[in-house]
Amino acid sequence: MSGSLPVIAIVGRPNVGKSTLFNRLVKKRLAIVDNTPGVTRDRNYGIADYQGYEFIVIDTGGFELEGREEISTQMRQQALLAVDEADIAILLTDVRDGWTPDDAEVCHLLSRMKKRFYVAVNKVDSSKQETEFYEFYRSGVDQVFPISAQHNLGLLSLLDSINEIVSLTQNNREKPSSSTINVALIGKPNVGKSSLINAILREERMIVNEMAGTTRDPVDSLFNYENQEFLLIDTAGIRRKNRVNQKVEHFSIVSSLRSIERSDVVLLVVDASESITTQVAKISDYICDRKKAIIIVVNKLDLVQKRQKDIKFLEEAIAERLSFIEYAPVIFVSAKTGKKVQEIFDLVKEVYNQYTRRIQTSDLNSILEMIVRKHPPPSKGGRPTRIYYGSQIKTSPPAFVFMTNNADKIDKTYVRYMMNQLRYYFGFQGAPLEIIWKQRLSKFNKNKKNEGGKKRAKGKRKN
């Protein structure tokens, strides 16, 4: 699992607080919903970022007993799909209900799957309830974790124990070589992703070395193209779940999320003969949320190249449905005929250069003066808003800090204007941008702050 995020599935009966725990862990990050056919309840996917721990978390629908005898077939399918994709599972229970037959059935299922899991007893909101969770040791586990997802209690102890088995900290995961550009191919099933990979690797100018991939991704391909080393990260995309008798092909979102996390540049592969679906928009939103460089690769050009009306329709659909990544370049290719496939990595190199680009502070401020003069920011109470200077604080993605006297007056419209202007003058094709507004203290506030600091220092000396 080199460089990729571990996966934790939250499972359990209905109404034990699984979604509350999920929301607590992912905070306000994007959650991707999987509407897999044959599964009656959605599964939510998100990136958890909690107390220095980072991992993919899956929120599942509740297990239900059918006729008080066995877990229903559809809920078992969902459990198998979620737990099979996870490195570890959390069996969530409710302290108020005690250890129920439903809990025991879920516990038995996890044991049969030979998946490592932890039992967490939710809704332990006070010290008085801590004595009530001991009956949960009937599950046969060595340790039971009392938590309160709603009140944010006990979660760190649970994650500390999980971290001993599966590393949840990025510091412990291997970092890719800084000279290698990591490129992930993401897309729905049947968009021709595998054909596109084969077409790329067949290029005579590319030297290919097959590397063992992660447990979820079959193969990563390390290759050299025009003196630049690339790591091509393939996602499973289509995973057949014969074990659960599901006859549909399942798009592994977890595989895609892991690949996105490991990448510098994401190739979002779409089918030229289809429109932009909700699933594509959700994945695109996730790529945007994770601040990765992105290129939209429209495959199967051979199916529509004679129908300019279809190409125009797809271009309009991309502009409309994926407007939040309007900075992403679009390239039409055909893996079948090889048309424009070679141009993909010329574009990848250009986008990566923009993603890692650093602007000189003097150049930035020269342009900033022109940008503000052209369209000043909104004023506050008749007092003009001034932007004094700016600097770039990091790359990958490019992030900028601007000092102003009215930071709280800068609205989303002006942020969008500023981003568009930065792209107009500096490029940043395919790269997301971050802008941070910092309040500069007035002379009065500065003096007041300094006086307060002097008084505190004087008081300490007296003591």
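In this predicted model, C107 has a relative accessibility of 6% and therefore counts as buried, and C288, with a relative accessibility of 17%, counts as buried too, since buried means under 20% relative accessible area. As for bonds between cysteine sulfur atoms, the count of disulfides comes to zero.

A pair of aromatic rings is described by the distance of the centres and the angle of the planes. Searching the whole structure gives eleven aromatic pairs, and among them is the pair of W99 and F136, whose ring centres are 6.2 Å apart and whose planes meet at 85°, so that the pair is edge-to-face. This pair links distant parts of the chain, because W99 lies in the loop between β7 (88-94) and α3 (101-112) while F136 lies in the loop between β8 (117-122) and β9 (144-146), 37 residues apart. W99 is buried, with a relative accessible area of 10%, and F136 is buried as well, at 0%.

A further edge-to-face pair is made by F230 and F345, with ring centres 4.9 Å apart and planes at 75°. Here too distant parts of the chain are linked, with F230 in strand β13 (residues 228-234) and F345 in helix α9 (residues 343-355), 115 residues apart. Both F230 and F345 are buried.

One aromatic cluster is formed by F400, F402, Y414, Y417, F426, F428 and W437. Of these residues, F428 also has an arginine, R357, over its face, and the table sets this contact beside that of R440 with Y388.

| Arginine | Ring | Distance from the ring centre |
|---|---|---|
| R357 | F428 | 5.9 Å |
| R440 | Y388 | 3.6 Å |

Technical notes:
Residues are numbered from 1 along each chain as its sequence is written. This is a predicted model: local features need pLDDT of at least 70, side-chain atom pairs count only at pLDDT 80 or more; totals for chains, interfaces and linings use all residues. Side-chain values use heavy atoms; hydrogens and water are left out. A disulfide is a pair of cysteine sulfur atoms within 2.5 Å. Buried means under 20% relative accessible area, exposed over 50%, partly exposed in between (1.4 Å probe, protein chains only). Rings of Phe, Tyr and Trp (its six-membered ring) pair if their centres lie within 6.5 Å; planes under 30 degrees apart count as stacked, over 60 as edge-to-face and the rest as tilted. Helices (H or I, at least four residues) and strands (E, at least two) are DSSP runs, numbered from the N terminus. A charge sits over a ring if NZ of Lys or CZ of Arg is within 6 Å of the ring centre and within 35 degrees of the ring normal.
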